[in-house]
Structure formats: C-alpha cells, structure tokens
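Good morning, and thank you for coming. Please look at the structure on the screen while I describe how its parts meet.

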Amino acid sequence: MKKNLTNMNLNELERFITDIGEQKFRARQIYKWISSGAESFEEMTDLSKELRHKLQEVATVCSLELLKVQESASDHTRKFLFALEDGNTIETVFMKYKYGNSVCISSQAGCRMGCTFCASGIGGLKRNLTAAEMLEQVLAASRQAGEKINHIVVMGTGEPFDNYLNLAQFLELIHDPEGLNISYRNITVSTCGIVPMISRFGHDFPQVNLAISLHAPEDSLRSRTMPVNRSYPIDQLIQACREYGRKTGRRITFEYALVKGVNDSLSHADRLSDLLRGMLCHVNLIPLNEVRETGLHGTDRETAERFRAQLEKRGIPATIRRELGADISAACGQLRLG
Ligand code: SF4
C-alpha cells in the first residue's frame with residue numbers, strides 16, 4: 001500500500017523521507033510541491049530522476065481521480081466529481097465571490113445523518129474521508145480553476161463532526177504556514193448538530209467559524225426532517241451554542257433552509273428569534289433547492305423576505321443567501337454520490 005504524502009505534515013514527511021534513506025531537506029521541497037497542487041512526483045522537477053522514481057514506487061501525492069466537471073451557466077461555480085481510490089465518489093464545489101474564491105468540500109463519502117431534504121445522505125454513509133482526501137479536493141479545485149483559494153467551507157457531503165479526527169488533521173494541514181496557509185478565520189465547518197462535539201471543536205479550533213444547520217425552530221418539526229434531533233434536541237443544541245459563544249467569543253451562523261409551507265411562516269420566525277435571543281449569531285436563510293427525490297419545494301422570494309424582516313425586527317441578524325450553482329445541483333443539499 002503506497003503512502004499518501006498529502007496526509008502528512010512537514011515533520012511527518014521529514015520522518016518518512018529520512019526513513020527511506022533520503023536527506024531531510026527533500027521533505028520541505030516535496031511539501032512545497034504538494035501545497036502548490038502537484039499531482040505527481042514527475043512534476044517535482046527539483047528532485048532527481050532517481051528520487052522521483054523511488055518515491056513513485058512507495059508513495060503517492062494524489063488519490064483523487066477527476067471524473068466530471070460541471071460549470072454553471074449563470075455564475076462561475078464549478079462542481080467536480082472525483083473518484084476515490086476505492087471507487088466511491090465525492091463532489092466538491094468551487095465558487096467565486098466578490099471577496100475571493102471559496103471551495104466547499106465533502107468530509108465523508110455519503111452521510112448517515114439521514115436529513116430528509118438532502119441528496120447527499122440518500123445512500124447512507126460509505127466511509128469517512130482522510131485528511132488527504134479533504135485537502136486534495138481543495139488542491140484539485142484550485143488547480144482546475146487556475147485560481148488561488150481563499151475560503152474553505154466544510155459543507156459538502158458528510159457530517160464533519162462524525163469524522164472529527166480526520167477533520168482536525170485536515171484543518172491543521174490546510175492552516176499550516178508552510179503549506180496552503182489558509183487562515184482559520186477563512187474556514188467554516190458546518191454541523192447538523194452533534195452536540196458533544198461543539199464544545200470540543202470550540203476548544204480545539206476557536207478561530208474556525210462554526211455553522212449549524214438548524215432548519216426548524218421546534219423539536220417536532222426538526223426531528224421529522226433531521227433525525228439527529230432525536231438524539232440532540234433543540235434545547236441541548238442551543239445551550240451548547242450559547243456555551244460555545246461564551247467561551248470563544250465567536251459568532252455562530254445558523255443555516256435555515258426555507259421549505260414552502262413547512263417552516264416558513266411568521267410564527268416560525270418568531271419561535272426562531274425566541275430561541276436565538278441574546279446570542280452572538282447570524283441566520284442564513286436559504287430558499288430550499290429542489291431535490292428530485294424529496295418532493296419538497298423552496299419558499300418564494302417574497303415569503304423569504306417577510307421571514308427575514310421578521311427576524312430582523314426581533315433583533316436577529318439575517319440574510320437570504322445567494323445560491324450559486326443551483327443549475328448544476330451544486331447548491332446546499334444537492335450534492336450526491338455519483
Ligand atoms: S444535510 Fe448534511 S448532515 Fe444532513 S444528510 Fe445531508 S450531508 Fe448529512
């Protein structure tokens with residue numbers, strides 16, 4: 001089994017390189033190549049031919065195979081379909097904003113959280129992604145787009161807190177000043193609400209932004225669409241968020257997909273503002289993107305605007321999010337396997 005060097009930090013890479021009988025400084029050269037998006041040892045032209053050949057025998061720097069690219073006709077969003085080494089597939093989305101380029105990565109192949117509005121979880125969990133597989137999505141998206149990446153959102157397929165150790169390793173790698181050097185403040189991790197992990201995350205990565213997929217202001221409704229709510233009901237979730245805010249001083253983003261006739265009335269907005277009152281937070285309203293299998297519909301613009309205004313009136317900052325890439329099913333909840 002070849003070692004994937006993208007999984008390693010500089011210290012680990014130095015150990016690996018000296019273990020195969022090479023000089024330590026080679027590790028830094030290789031590390032730089034990996035961070036600049038090299039997909040093969042062949043590209044590492046400042047290494048000797050012999051060393052490149054030797055590395056090829058025992059290691060790899062790229063495990064993803066690009067199967068398909070879809071580009072939105074209405075904006076610069078691109079969706080990539082990658083095959084993993086074991087044949088599972090994942091999706092990654094590149095988005096262009098005024099403030100920079102952002103990549104939305106998957107943290108698992110499939111997902112076991114079973115949210116009913118989401119295409120990603122339909123086939124269940126296949127497996128966790130390694131830190132390298134997460135990092136490679138960023139590197140490949142950057143290479144394909146020919147652009148530098150400024151922001152990362154861990155909001156694609158999978159529940160990141162269900163794969164916490166690999167997520168943590170990925171965050172450390174991508175933040176490494178010797179590597180891509182992406183500021184923690186430019187990274188957002190989104191969870192469906194695995195309560196015990198919220199305080200751990202706040203402790204381990206207080207600078208990384210936290211987003212919570214809330215989607216409903218009451219247990220009966222939330223449990224119907226998000227099974228995680230049966231284990232961690234709203235009261236517990238909000239309490240953990242308040243605690244997180246007290247300890248980190250960071251603002252939490254609550255994601256709220258507006259579903260026509262389900263959670264988009266003014267009384268839902270009132271209940272939501274009661275829940276979040278006094279918390280340092282922001283609500284992202286996302287008119288639901290149609291997913292064929294779910295039979296649910298997005299709220300119209302006017303109703304979404306009324307909902308937003310009601311939250312603002314009650315002192316909760318809220319925006320209606322501009323959805324990128326909806327025409328290529330690259331928007332939230334539309335990613336799927338294969
Ligand atoms: S919304 Fe997120 S947590 Fe829920 S099933 Fe989809 S990928 Fe999993």
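Eight is the number to begin with: 8 residues of domain 1 are in contact with 14 residues of domain 2, where contact means that two C-beta atoms, placed from the backbone, lie within 7 Å. On the side of domain 1 that touches domain 2, 2 residues are nonpolar, 6 are polar and none is charged. Here Ala, Val, Leu, Ile, Met, Phe, Trp, Tyr, Cys and Pro count as nonpolar, Asp, Glu, Lys and Arg as charged, and the others, Gly among them, as polar.

This is a predicted model, in which local features need pLDDT of at least 70 and side-chain atom pairs count only at pLDDT 80 or more, while totals for chains, interfaces and linings use all residues. Residues are numbered from 1 along each chain as its sequence is written.

Domain 1 covers 3–60 and domain 2 covers 65–328, with bounds from an automatic or database domain assignment. Their centres, taken over C-alpha atoms, are 34 Å apart.

The largest nonpolar core has 89 residues, and Leu135, Val138, Ile174 and Leu258 touch the most other members. Such a core is a set of buried Ala, Val, Leu, Ile, Met, Phe, Trp, Tyr and Cys residues joined through C-beta atoms within 7 Å; buried means that 20 or more other C-beta atoms lie within 10 Å of a residue's own, these atoms being placed from the backbone. At least three residues of this core come from each of domain 1 and domain 2.

Beyond four places away in sequence, Leu258 touches residues including Asn263, Leu285 and Phe307.

Methods: A residue is buried if 20 or more other C-beta atoms lie within 10 Å of its own, exposed if 12 or fewer, and partly exposed in between; C-beta atoms are placed from the backbone.
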